[in-house]
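Please open the model in a viewer and keep the selection panel at hand.

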Amino acid sequence: MTAPQGKRIVVTGATGNVGTSVVTALTADDRVASVLGLARRSPDWSPPRTEWARADIEKDGDRELAELLAGADAVVHLAWAFQPTHDPLATWRTNVLGGMRVFRAVAEAGVPVLVHASSVGAYSPGPKDRYVDESWPTHGWPEAAYSREKAYLERVLDGFEARHPEIRVVRLRPAFLFKEAAALEQLRIFAGPWVPGRLASPRFLPVVPDIEGLRFQALHTDDAADAYRRAALDDDARGAYNLAAEPPVGPEELAALLDARVVRLPRPAVRAALSAAWRLRLARSSPQLFDAFLRLPLMDASRARDELGWRPRYTALEAVGELLRGLREGAGMPTAPLHGRGGR
């Protein structure tokens, strides 16, 4: 029997918000013969030309991971843990040490392409009134574990590229990623399982706080997945690419989506309230992550457009709108991270 023609792509973290979209994008491309999705728990989801294998990047050894990556034409590394924010050593072990383990396995297995999920969170504080390109410093906000971990892996990749020039390394730095099916996952991660999604209705959110620094970029997860697909399959893609849709989102844009009014609030008061809720374990997002969020720069995504031919299909407001709709409707998918209401 003749072996199928096309690429074999391995995706870590394949059952989450980004992973499910990346697997879908890859399997829709005729250049991809097969996809191997790695996740801690196998899903009840069977996209075409996709196999599943259980893997835990924190606990599996380099050799075990390398065996899973053997024969791959590219690895898309998406696996990431946001919680527990009260135990930064736990997320460091998964995200940083686990990420380094994946990088070593890529080299040991002889995989020629590594596409890594970096983030806007890797960037140092920057402006809200103009865009920065990929040369902006990636030192993160050191007090926030998420930002610190993303920035650290940028430095690890600097050394990895120097040691392995034969491997084409791509770093994608997306803005905040939303899609309807991932809304409840994001609610559980950042707010907690006890917060009902119906609170995203205008009748429950009559006001939007106007806080200094509250201006961010968003992107539909499917549009980010298209960039991951292009990065994995385009032989000329190399280095860092910002990913964001227009327009930037601030209090006025959020108020329009929620049919709410804008109320000016002092940042110290909001931070103090969040800090108290986090210490009491009533909120899952740490005050340090709040600090990092308000300091993120706005990104210029023209390199991805010019070199990858990437164009987002959804505006940033449409992406946020999907998040709100998913919260209200309890949307989900048959994977452990994305289960909706009534899911496992």
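Select Arg171 to begin; in this predicted model its relative accessibility is 5%, below the 20% limit, so Arg171 counts as buried. Arg171 and Asp158 form a salt bridge, and their closest N and O atoms are 2.8 Å apart. Arg171 belongs to strand β7 (residues 168–174) and Asp158 to helix α4, so the pair ties together parts that lie 13 residues apart in sequence.

In total, the structure holds 19 salt bridges.

For another of these pairs, select Asp29 and Arg31. Their side chains meet in a salt bridge, with 2.9 Å from N to O. Asp29, at 9% relative accessibility, counts as buried, whereas Arg31, at 43%, counts as partly exposed.

Now move to helix α6, residues 221–233. At 1.5 Å a residue, its 13 residues should span 18 Å; the end C-alpha atoms are 19 Å apart, which agrees. How many of the 13 residues of α6 are buried? The number is 11, and the helix is thus mostly covered. Among the buried residues are Thr221, Asp223, Tyr228 and Leu233.

Within α6, select Arg229 and Asp226. These two residues are 3 positions apart, about one turn of the helix. An α-helix has 3.6 residues a turn, so residues three or four places apart point the same way. The side chains of Arg229 and Asp226 meet in a salt bridge, at 2.6 Å from N to O. Both partners count as buried: Arg229 has a relative accessibility of 14%, and Asp226 has one of 17%.

Finally, display the second largest pocket, whose volume is about 240 Å³. To find its centre, select Thr85, Ala144, Ala145, Tyr146 and Ser286, the closest to that point of the 21 lining residues. Which element supplies the largest share of the lining? It is α4, with 4 residues. By residue class, the lining of this pocket divides into 11 nonpolar, 7 polar and 3 charged residues.

Conventions: Residues numbered from 1 in each chain as written. Predicted model: local features only at pLDDT ≥ 70, side-chain atom pairs only at ≥ 80, totals over all residues. Heavy atoms only, no water. Expected span 1.5 Å × (residues − 1). Buried < 20%, exposed > 50% of the residue type's maximum accessible area, 1.4 Å probe, protein only. 1 Å grid on protein atoms, 1.4 Å probe; cavity = no way out; pocket = protein on both sides within 12 Å on 5 of 7 lines; lining within 4 Å. Points joined across faces, edges and corners; volume = space filled by probe spheres on them. Nonpolar A, V, L, I, M, F, W, Y, C, P; charged D, E, K, R; others polar. Salt bridge = Lys/Arg side-chain N within 4 Å of Asp/Glu carboxyl O.
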